[in-house]
Amino acid sequence: MDNFVINGVKSVSGNISISGSKNAALPILISSLLTKEKVEIENVPKLRDIQSTLELLNYLGKKCSFTSNKFVISENHSLKHHAPYDLVRKMRASILVAGPLLARFKQARFSLPGGCTIGVRPVDIHLESFKKLGAHISYSGGDVVISAKHLKAARVKLKFPSVGATENLMMCAVLIEGETVIENCAKEPEIKDFADCLRNMGALIEGAGSSTIKIMGVKKLTGVKYSVMPDRIETGTFMILSAAVQGEINLLNTSCKNLAVVSKCLERSGVKIKDCGNSVKIISSGKRPKPVSFKTAPYPGFPTDLQAVWLAYMCRAKGKSAIHESIFENRFMHVGELLRMGAKITVTEDKAVITGVDRLKGAPIMASDIRAGAALIVAASAASGKSTLRRVYHIDRGYDGIEEKMRSVGFKIIRKKG
Ligand code: EPZ
């Protein structure tokens, strides 16, 4: 397993190009199951999760190729309808195959994904939604088995604006005759990008990005050529990483229009942010930031995927900050590792209180999930001395070439092949 060796830096400067969005690319690639025609998706990031999606689609019977950020998917023979445990346990988003397989073949089967470090992550909202559309749910050997004689359009109100359940439901409804209305759905920008791609395939969808999506079913969807939106969470990660040390960084091929809350928090902490349309400039004095507290929330609130990274940034704040994690029940795994670097943090249930210190000290640390790993990179880059970060494979699931991007502007990070 690879490690990162990271040394604290005093200042950085230059340009970093942001990759395509993991959390938009995953549903977009999986929606290729809705058509037998050719699908070409560009600006796809090179990530372990994208590789897992390629394996999953090939296993189901699609023919996928992925070269220089372009993903081409075709279908030459009949598809399997089952996402097996080995593939689902590697990537929870595999359960998104259920919606399109149910829509096209009236049956789907996937291994229950089980929990992960950030929480139990049930799939009840997905399954309740499929039932509302007329599907029958049963369980066999750790798998969910979904079937339907006839699917019917319906009004489905989600008990929580689940991103994945919204996407699964959208993919099922686009081929069901009549109008399906999804209420209290997720409003994340990735949902809007996903809907734009489905519309380019011939789907009739309105309201994506709001809390109610209306879908008028069509008989079939065509192939598509589509380019994925920039990665909002990678953008936010690099904005906060740049704020944690002195310097001026330009993030290219992205914007912070979908990160208004994060930009506001960064400005309140003492950093200058300039959205230049297709790039974002971050100017940081490198001084200890002012403390800024918040509670994570579904979009447009502070994104849970940037909570760990922000918490690492607050470890040097001049004062106390409080972070309330309201989306996942166990998303403070990075705290133990930050304490090893000299951070002062107390966690009670879903709230962390951080008392800033002058500077963290480098130490041997370990990533537990994608975003906790990114948080430790921020902490180590702003610390004094050397850190060795283990289990880098977590980070490779969600960040495309993070060490090369960081080194290109002066951060000190090298990968040690393990
Ligand atoms: C998506 O996960 C993202 N993943 C996550 O990003 C992100 O943290 C999350 O949305 C929230 O924004 C992808 O898009 C691939 P949810 P998802 O369903 O769809 C509960 C990253 O680091 N819930 O919105 O799985 C669930 O337990 C990843 O890139 C149910 O109770 O998230 C959680 O507490 C991590 N029942 C909350 O809802 C369900 O049926 C939000 O989950 C589904 C979810």
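Which elements cover the buried residues of H9? They include helix H8 (232-243), strand E16 (272-275), E18 and H10, where covering rests on contact, that is, heavy atoms within 4.5 Å. Before going further, note that this is a predicted model, in which local features need pLDDT of at least 70 and side-chain atom pairs count only at pLDDT 80 or more, while totals for chains, interfaces and linings use all residues. Residues are numbered from 1 along each chain as its sequence is written, and side-chain values use heavy atoms, with hydrogens and water left out.

**Helix H9**

Select residues 260-268, which form helix H9, and highlight Val-262, Ser-263, Cys-265 and Leu-266, which are buried. Here buried means under 20% relative accessible area, against over 50% for exposed and partly exposed in between, with a 1.4 Å probe and protein chains only; helices (H or I, at least four residues) and strands (E, at least two) are DSSP runs, numbered from the N terminus. The four residues lie on the same side of H9 because they cover an arc of only 160° around the axis, the arc being that of the directions from the helix axis to the C-beta atoms. An α-helix has 3.6 residues a turn, so residues three or four places apart point the same way. After H9, move to Gly-270, where phi is positive, near 115°.

**Helix H11**

Now select residues 333-340, helix H11, in which the buried residues are His-334, Val-335, Glu-337 and Leu-338. Their arc around the axis is only 165°, which puts them on the same side of H11. To see what covers them, display among others helix H10 (307-314), strand E20 (344-348), strand E22 (364-366) and helix H12 (370-382). Just after H11 comes Gly-342, with a positive phi of about 100°.

Next, centre on Gly-286, in the loop between strand E17 (279-284) and strand E18 (294-295). Is Gly-286 buried or exposed? Gly-286 counts as buried, because its relative accessible area is 17%. Its contacts, not counting residues up to four places away in sequence, are Val-245, Gln-246 and Arg-316. For a sense of scale, draw a C-alpha to C-alpha distance from Gly-286 to Arg-104: the two are 54 Å apart in space and 182 residues apart in sequence.

Then go to His-394 in helix H13, which is buried because its relative accessibility is 14%. Leaving aside neighbours within four places in sequence, His-394 is in contact with Ala-367, Ser-368, Asp-369 and Ile-370.

**Between the domains**

Finally, colour domain 1 (2-19 + 230-417) and domain 2 (22-227) separately; these bounds come from an automatic or database domain assignment. Their centres, taken over C-alpha atoms, are separated by 30 Å, and 25 residues of domain 1 are in contact with 22 residues of domain 2. The buried area between them is about 1900 Å², with carbon and sulfur atoms giving 53%; this is the accessible area (1.4 Å probe) that two parts lose on being put together, summed over both. On the domain 1 side, select Tyr-299, Arg-397 and Asp-400, which lose the most area to domain 2, together 30% of what that side buries.

Two salt bridges are counted between domain 1 and domain 2, a salt bridge being a side-chain nitrogen of Lys or Arg within 4 Å of a carboxyl oxygen of Asp or Glu.
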